[in-house]
Structure formats: C-alpha cells, structure tokens
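Please follow this explanation with the sequence and the coordinates side by side.

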Amino acid sequence: MEKYLAASEHINWQHPEILVLAAQLADGAKSKEAIAKRCFEFVRDKIKHSLDYQLNPVTCKASDVLHAGTGYCYAKSHLLAALLRANSIPAGLCYQRLRVSTEPETFCLHGLNAVYLVNYGWYKIDPRGNKPTLGFADFCPPDERLPFAINHGGEANFSGIYAEPLPLVVSVLESSETYLDVKQNLPDIVE
C-alpha cells in the first residue's frame, strides 16, 4: 500500500495548503471512511470542472487544483488522491475510456479514483462533479455510484489502480494553455 500513500510531483499531499484542508476535513470524523467521504464531497462539489465552467488555468498538480479551484477530471482526481493520502488513506487513480462522439467515432480517457476502505477493499469514486446530463456520483459503499456507464463498443473501465497519473494525461494537461486546448487534445489509449 505504500505507493498509494506516497507524495509525488502531481499528488503533492505534503503541500501546506493540502495538509491544512486535509486536517479540516478530518476534524471530528469518527472513521477513515467518514474522512474519505468528506474529501470526496469537497472535491466533487467545491472544485469546478474546467470544461463545465469554461475555466482556466489548466491544472495538473493537486496543490494547483486546490489553489485555482478548478481542474479537468484528471486533475480533480489528483487532488482527491492527495487529500486522502494526507489523511493516511490509500488512494489511487483509475481511468475509463468513453466515447466522445459518433461522427467520426472518437474516444477519450476519463479520470477517477479508487480509495482503499478497510471494510470493503478498493472502492471507486468519481469526483468529476455532478450535472444534469450525467449519472449522479456519490459515496455510498459498497455500491459504486459513478456518473459514466460503459454503454458502447470501444468504451471500457480500465482494470488498473495507478499510484501515479498516466504520462499521457500529464502531458496533455501540462502542454495545454487553456481548457479549450485540453478539450481539443483529450488523451485516449486502449488498455
């Protein structure tokens, strides 16, 4: 589990602002599960999805996401992993491959998280943010409430739980100047 607790360049949970917020979210909680739920709800509800809100800057590092208050799904998952790890809760990154359009048929990766809960094992959560056109993302183990269902050929839930973001995701986020640049270059791979 050590790699799912580690600090890194993009999941920089040892950053002072992340440590302060992580402590605030944990204050008074009676269990690690309760802390995990608070962290999830904070990122889901308080950090705006860059494309939904048409916001810049493009963020990647967890501390930058917190500071800017915005990020694509990938960046939001980096912040959630950092907040969980700052509270000694193992957390990883997960990906789905989703269809973006049919003419021509194109796909992109979607970033979400897995958290290790003692009573349930690895549990997937999606802090992307809710909106009327998506399924409702929630934290209610053991049921996973993810907003995107796999409905079309070519779509997939990747099986891996990654300790670090995929290099392709980092490359797109770090090379993009605006949220529109990311939208035009959404990462995609086949597992």
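In the loop between strand 8 (156-157) and helix 6 (167-175) sits Pro-165, where helices (H or I, at least four residues) and strands (E, at least two) are DSSP runs numbered from the N terminus. The model is a predicted one, in which local features need pLDDT of at least 70 and side-chain atom pairs count only at pLDDT 80 or more, whereas totals for chains, interfaces and linings use all residues. Residues are numbered from 1 along each chain as its sequence is written, and side-chain values use heavy atoms, with hydrogens and water left out.

Pro-165 counts as buried because its relative accessibility is 9%; buried means under 20% relative accessible area, exposed over 50%, and partly exposed in between, with a 1.4 Å probe and protein chains only. Leaving aside residues up to four places away in sequence, Pro-165 touches His-10, Ile-11, His-78, Leu-93, Tyr-95 and Val-170, a contact being heavy atoms within 4.5 Å. Between Pro-165 and Ile-189, the separation is 24 residues in sequence and 14 Å in space, taken from C-alpha to C-alpha.

How do helix 2 and helix 5 cross, and how do their axes lie? Two packed helices are described by the angle between their axes and the distance between the axes. The axes of helix 2 and helix 5 come within 10 Å and cross at roughly 155°, where axes are lines fitted to C-alpha atoms, for helices over the stretch in contact, and angles run from 0 to 180 degrees between N-to-C directions. Helix 2 and helix 5 are therefore roughly antiparallel to each other, since angles under 35 degrees count as roughly parallel, over 145 as roughly antiparallel, 65 to 115 as roughly perpendicular and the rest as oblique. The contact is made by Ala-36, Cys-39, Phe-40, Phe-42, Val-43 and Arg-44 of helix 2, together with Lys-76, Leu-79, Leu-80, Leu-83 and Leu-84 of helix 5. Helix 5 itself has 14 residues and reaches 20 Å from its first C-alpha to its last, close to the 20 Å expected at 1.5 Å a residue. Because 14 of the 14 residues of helix 5 are buried, this helix is largely enclosed by the rest of the structure.

Side chains of opposite charge can pair when their charged atoms come close. The structure holds seven salt bridges, each defined as a side-chain nitrogen of Lys or Arg within 4 Å of a carboxyl oxygen of Asp or Glu. One of them joins Arg-44 and Asp-45, whose closest N and O atoms are 2.6 Å apart; Arg-44 counts as buried at 10% relative accessibility, whereas Asp-45 counts as partly exposed at 47%. Arg-44, Asp-45 and Asp-138 are linked in a network of salt bridges.

Another salt bridge brings together the side chains of Lys-131 and Asp-52 at 3.3 Å, N to O. Lys-131 lies in the loop between strand 5 and strand 6 and Asp-52 in helix 3 (residues 50-53), so the pair ties together parts that are 79 residues apart in sequence. Glu-105 and Arg-99 also meet through their side chains in a salt bridge, at 3.6 Å from N to O.

Most residues other than glycine have a negative phi, and most peptide bonds are trans. In the loop between helix 3 and helix 4, where Gln-54 has its place, this residue takes a positive phi of about 50° although it is not a glycine. Pro-57 lies in the loop between helix 3 and helix 4, and the peptide bond from Asn-56 to Pro-57 is cis, with omega near 5°. A cis peptide bond also joins Glu-103 and Pro-104, with omega about -10°, and Pro-104 lies in the loop between strand 3 (91-102) and strand 4. Just after helix 5, Ser-88 takes a positive phi of about 60°.

Terms used. The expected span of a helix is 1.5 Å times one less than its number of residues.
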